[in-house]
Amino acid sequence: MRSKRKREEESMRMGMGMGGIVWQTPDNPPQRSDYIFHNGRRHVRPYYFEFIAHVKNRWAGKTIVDLFAEEFKGRPYEYYVDAVECGRIQVDGEMVPVSYIVKSSQKISHFLHRHEPPVMAWGVKVLKEEEEVLTVCKPASVPVHPCGQYRKNTVVGILEAEHGLAPLFPIHRLDRLVSGLLILARNASKADLFRQQIESGLVKKQYIARVVGVFPEEEQVVDANINYNPREGRSTAEQMVDSSTDTRTKGKAAQTKFTRISSDGVHSIVSCEPITGRTHQIRVHLQYTGYPIANDALYLTKEASGRSVQKTTADRAAAISFCSPARDVQEDCANACKENWSEDFGIDPMCTNCPNLAPKGYEGEEEGLWLHCVQYSGPGWIYECPYPEWASLE
């Protein structure tokens, strides 16, 4: 821990105005210059950001330092002591002592040097731009909207920074590691209309996946409940049982239709039509059939892995997950890498991630799933996305 004298100097430097540092909030839009490209990954230039929370009932009665140390374990205890003493953690807009006891509903602000996790460097390709609807091809590894540690490194953030497209309202989910069609409404009323159609069961969804083995030629319909475990971050499938028995299945009802498109004897390209929309539904239903996605580390069984002779690296898996054509995107990325990596970014003396660009735990390579959304259709409309390169088995 730094000396008391150094903490006092930091406190004097920052004071209530934080020493002239520009602190960003969710109202600050992302800019093209916010991104740094390096080694095939898109990084976000670290920036100062104010996180805001309100004291929950279970937090009340704790000291401000103990609250952060117990609830936000990504940083050491000493960091939170320093942050409180120099004003980077405040309560109701005021500096407080480290012994301060928080009360329910109080506003807590944490001013920190934010490092976002990197994503693969592929651009977000605009497929169709209409007055009320925008469709894009989402690259694998990029979240759709701000969540968790991601804010600027999202589809919504990149579209605003690089295309000036805002506001945007995503009308359906697409997991971070999944690529393909993403529909965004350009106003709230259009978004509500789409959501009503989805909730009413009027919208059909189609994905394609590359799976292990020779998938059966006839259509397969899987009716198996999906039970998602948030602690483990994965789902399990359980066969529905006869209602006349006392045995109860866990999870929520789920159904997916699968049709084989092609096979080379090692892998198969399969069309996937989820009738319901559960977490990891397609992935876990394919595992349930015995034909998991060929590069899905979360659901690929040891037996299935042994049948897959083409074990791709994370770079290749993600690289061939985005929409064709890809050459222009690759060239643009390469140029951006040369231009941007030489530019430095400010090192914050209190930051637990500096001088690294990526936050701790995200230094490794990224994995992109061989699962791609190709079509959404509803009453009087249809939107499509090109197949990715990995869909060709030649």
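Me: What should I know about the model before we start?

Reply: This is a predicted model, in which local features need pLDDT of at least 70 and side-chain atom pairs count only at pLDDT 80 or more, while totals for chains, interfaces and linings use all residues. Residues are numbered from 1 along each chain as its sequence is written, and side-chain values use heavy atoms, with hydrogens and water left out.

Me: Why is Trp 381 called buried?

Reply: Buried means under 20% relative accessible area, exposed means over 50%, and partly exposed is in between (1.4 Å probe, protein chains only). Trp 381 has 13% relative accessibility, so Trp 381 counts as buried. Trp 381 lies in strand 17, residues 381-384. Strands (E, at least two residues) and helices (H or I, at least four) are DSSP runs, numbered from the N terminus.

Me: How do you know which residues Trp 381 is in contact with?

Reply: Contact means heavy atoms within 4.5 Å. Leaving aside neighbours within four places in sequence, Trp 381 is in contact with Ile 183, Phe 194, Gln 197, Val 203 and Tyr 376. Val 203 is 178 residues apart from Trp 381 along the chain, and their C-alpha atoms are separated by 9.6 Å.

Me: What makes the link between the side chains of Trp 381 and Gln 197 a polar contact?

Reply: A polar contact is a pair of N or O atoms within 3.5 Å; within protein, one must be able to donate a hydrogen and the other to accept it, and residues adjacent in sequence count only if both atoms are side-chain atoms. The side chains of Trp 381 and Gln 197 are joined by a polar contact of 2.9 Å.

Me: Why does Phe 68 count as buried?

Reply: Phe 68 has 4% relative accessibility, so Phe 68 counts as buried. Phe 68 is found in helix 2 (residues 64-71). Again leaving aside neighbours within four places in sequence, the contacts of Phe 68 are Lys 73, Tyr 80, Ile 89, Ile 108 and His 110.

Me: Why is strand 5 described as largely enclosed by the rest of the structure?

Reply: Strand 5 (residues 107-114) is largely enclosed because seven of its eight residues are buried.

Me: How do you know which strands pair with strand 5?

Reply: Two strands pair if DSSP finds at least two bridges between them. Strand 3 (residues 47-54) pairs with strand 5 in the antiparallel sense over eight bridges, and Phe 49 has Leu 112 as its bridge partner in strand 5. Strand 4 (residues 89-91) is joined to strand 5 by three bridges, and the two run antiparallel. Here Ile 89 stands opposite His 110.

Me: Why is strand 8 described as largely enclosed?

Reply: Strand 8 (residues 133-138) is largely enclosed because six of its six residues are buried. Val 133, Thr 135 and Cys 137 point one way, Leu 134, Val 136 and Lys 138 the other way, and all are buried. In a regular strand the side chains alternate between the two faces of the sheet. Strand 8 is joined by four bridges to strand 7 (residues 125-129), which runs antiparallel to it, and by six bridges to strand 10 (residues 179-185), also antiparallel. A hairpin of three residues joins strand 7 to strand 8.

Me: What makes Asp 92 partly exposed?

Reply: Asp 92 has a relative accessible area of 42%, so Asp 92 is partly exposed. Asp 92 lies in the loop between strand 4 and strand 5, and has a positive phi of about 50° although it is not a glycine.

Me: Why does Ser 141 count as buried?

Reply: Ser 141 has 0% relative accessibility, so Ser 141 counts as buried. Ser 141 sits in the loop between strand 8 and helix 4. Its phi is near 90°, a positive value in a residue other than glycine.

Me: Which peptide bond that ends at Pro 167 is cis, and where is Pro 167 found?

Reply: The cis bond runs from Ala 166 to Pro 167, with omega near -5°. Pro 167 is found in the loop between helix 4 (155-163) and strand 9 (169-170).
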